[in-house]
Structures are given as structure tokens and as C-alpha cells.
Amino acid sequence: MSNDTATAPLPPFRGLSPRQQRGMDCVWCGVTLTASTAVDLGPRPLKILDYATRWFPRSCQSHSGDAAYKALLDHSKDCPTCLEGCETGAQLRQAVREARR
Ligand SMILES: [Zn+2]
Ligand SMILES: [Zn+2]
């Protein structure tokens, strides 16, 4: 239960689709965002090789305070294979998706 979105953890940038990286789709579930559904998560520092920049992640409203994505985060930050189809990560992502309904 925190509204501190400026420091909230996010999925790894390199695991996101180009649309998610541009803030067009939810960083959590990939749903397409509209002006009325998007939640601005604030600018985040991003380092690509030696190039430091920022990106502007957005999510859909159903993810604020959602337990499933917190579990996914806790898991994925320690899991080296999450971006290559780790099963636990896939199950957690599924749970995140279902929590939206
Ligand atoms: Zn979402
Ligand atoms: Zn994993």
C-alpha cells in the first residue's frame, strides 16, 4: 500500500516491448493505454551501455498496489532467466493479467 510511484519497482526495461518502453502499453500487462486509463509512473533513469537517459513508464490503473505484480517483481529481480521464459515468472505474469479482470 504505497502511493510512492516515483520509487516503485518496475519490470526490467530490456524485457519490455517497444510500446511498453514508450509508455504506450502498460509496463505490467501490456494492455494498450488511453489518456483516461494510463497511470504515469514518473521518469526513470535508464542506462544503455554508457548512455544515460530516462524513460517514462506508464501502467493501467488496475496495477496500483496489486499483490501479484509485487510478487512478480520480487521474483524477477533475482531470477536470471525470467526474460527467457522462466515458468514461475510466466505464472506470476498470468496472475497479474487475471488480477486486472
Ligand atoms: Zn496493466
Ligand atoms: Zn523467473
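This is a predicted model: local features need pLDDT of at least 70, side-chain atom pairs count only at pLDDT 80 or more; totals for chains, interfaces and linings use all residues.
Q: What elements does the protein have, and how do they run from the N terminus on?
A: Start with the secondary structure. The protein has three helices and four strands. From the N terminus on, the order is α-β-β-β-β-α-α.

Q: How much of the protein is buried?
A: Burial is read from relative accessible area, and under 20% counts as buried. Here, buried residues make up 34% of the 101 residues.

Q: What share of the contacts with a separation of 6 or more comes from residues 24 or more positions apart?
A: Take the contacts in the protein with a separation of 6 or more. Residues 24 or more positions apart account for 46% of them.

Q: Now a single residue. Is serine 59 buried or exposed?
A: Compare its value with the cut-off. Serine 59 has a relative accessible area of 2%, so it is buried, as that value is under 20%. Serine 59 lies in strand E4, residues 58-60.

Q: Which residues does serine 59 touch?
A: Leave out residues up to four places away in sequence. Serine 59 then touches Cys26, Val27, Trp28, Leu33, Thr37, Ala38, Val39 and Leu41.

Q: Where does leucine 49 lie?
A: Leucine 49 sits in a loop. That loop runs between strand E2 (44-48) and strand E3 (51-55).

Q: Why does leucine 49 count as exposed?
A: The cut-off for exposed is over 50%. Leucine 49 has 77% relative accessibility, so it counts as exposed.

Q: Which residues make the nonpolar surface patch with leucine 49?
A: The patch is made by Ile48, Leu49 and Tyr51. Its area is about 380 Å².

Q: Are cysteine 79 and cysteine 82 buried or exposed?
A: Use the cut-off of under 20% again. Cysteine 79 is at 14% relative accessibility, so it counts as buried. Cysteine 82 has a relative accessible area of 5%, so it is buried too.

Q: How many disulfides are there?
A: A disulfide is a covalent bond between the sulfur atoms of two cysteines. The test is a pair of cysteine sulfur atoms within 2.5 Å. By this rule, the count comes to zero.

Methods. Residues are numbered from 1 along each chain as its sequence is written. Chains are lettered from A and ligands numbered from 1 in the order in which they are written. Side-chain values use heavy atoms; hydrogens and water are left out. Patches are made of residues with over 30% relative accessible area and no salt bridge: like charges are joined within 9 Å, nonpolar side chains (Val, Leu, Ile, Met, Phe, Trp, Tyr) within 5 Å. Accessible areas come from the Shrake-Rupley method with a 1.4 Å probe; for residues, only the protein chains shown count as cover. A salt bridge is a side-chain nitrogen of Lys or Arg within 4 Å of a carboxyl oxygen of Asp or Glu. Helices (H or I, at least four residues) and strands (E, at least two) are DSSP runs, numbered from the N terminus. Buried means under 20% relative accessible area, exposed over 50%, partly exposed in between (1.4 Å probe, protein chains only). Contact means heavy atoms within 4.5 Å.
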